[in-house]
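Colleague: I have a few questions about one part of this model. Could you take me through it?
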Amino acid sequence: GHVACGRGDVVSAQDHYSLALDIKREVYGDQKNLDLAETINNLAYVHALGGRYTEAIELYEESLSIQQSMHHADTEFAGMEKTLRSLDVLHNMHNGLSFDECLGEEMLDYCY
């Protein structure tokens, strides 16, 4: 997914991240971990790139829930900050702001 995302091939990146997520859900079952959260973030990101904001928001919220369950108060977790920032931007875009207006919100311009 990372290679396709880097090339700007959103459809291929989505296919690869979806497959990776299916495999990780099968392997991990109900066990929550940061590897799963990262894959969900990647899939959310390509949904956002494709203009599928509702799906992206749902995925980012799922990832955030996993990250919050893994977070300890005494540690800094950069992934959670990225997810929160992405959610903020997508909520603003979903509520009618343009992408350019949201750039000040620092929409992620890379795959995780």
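Colleague: Which residues of α3 are buried?

Modeller: In this predicted model, the buried residues of α3 are Leu36, Ala37, Thr39, Ile40, Asn41, Asn42, Leu43, Ala44, Tyr45, Val46, His47 and Ala48. That is 12 of the 16 residues, so α3 is largely enclosed by the rest of the structure.

Colleague: Take Thr39, then. Why does Thr39 count as buried?

Modeller: Its relative accessibility is 5%, and buried means under 20%, so Thr39 counts as buried.

Colleague: And what is Thr39 in contact with, leaving aside neighbours within four places in sequence?

Modeller: Thr39 is in contact with Tyr17, Ala20, Leu21 and Lys24.

Colleague: Changing topic: how far does α3 reach from its first C-alpha to its last?

Modeller: The helix covers residues 34–49 and reaches 22 Å, close to the 22 Å expected.

Colleague: What is found at the start of α3, and what just after it?

Modeller: At the start, a side-chain oxygen of Asn33 comes within 3.0 Å of the backbone nitrogen of Asp35. Just after the helix, Gly51 has a positive phi of about 85 degrees.

Colleague: At what angle do α3 and α4 pack?

Modeller: The angle is about 160 degrees, and the axes are 8 Å apart. The two helices are therefore roughly antiparallel, and α3 passes α4 in a left-handed crossing.

Colleague: Which residues meet there?

Modeller: From α3, they include Leu36, Ile40, Leu43 and His47. On the α4 side, Tyr53, Leu59, Ile66 and Met70 are among them.

Key: Residues are numbered from 1 along each chain as its sequence is written. This is a predicted model: local features need pLDDT of at least 70, side-chain atom pairs count only at pLDDT 80 or more; totals for chains, interfaces and linings use all residues. Side-chain values use heavy atoms; hydrogens and water are left out. Helices (H or I, at least four residues) and strands (E, at least two) are DSSP runs, numbered from the N terminus. Buried means under 20% relative accessible area, exposed over 50%, partly exposed in between (1.4 Å probe, protein chains only). Contact means heavy atoms within 4.5 Å. The expected span of a helix is 1.5 Å times one less than its number of residues. A polar contact is a pair of N or O atoms within 3.5 Å; within protein, one must be able to donate a hydrogen and the other to accept it, and residues adjacent in sequence count only if both atoms are side-chain atoms. Axes are lines fitted to C-alpha atoms, for helices over the stretch in contact, and angles run from 0 to 180 degrees between N-to-C directions. Angles under 35 degrees count as roughly parallel, over 145 as roughly antiparallel, 65 to 115 as roughly perpendicular and the rest as oblique. A crossing is left-handed if the near helix is turned anticlockwise from the far one by less than a right angle, and right-handed if clockwise.
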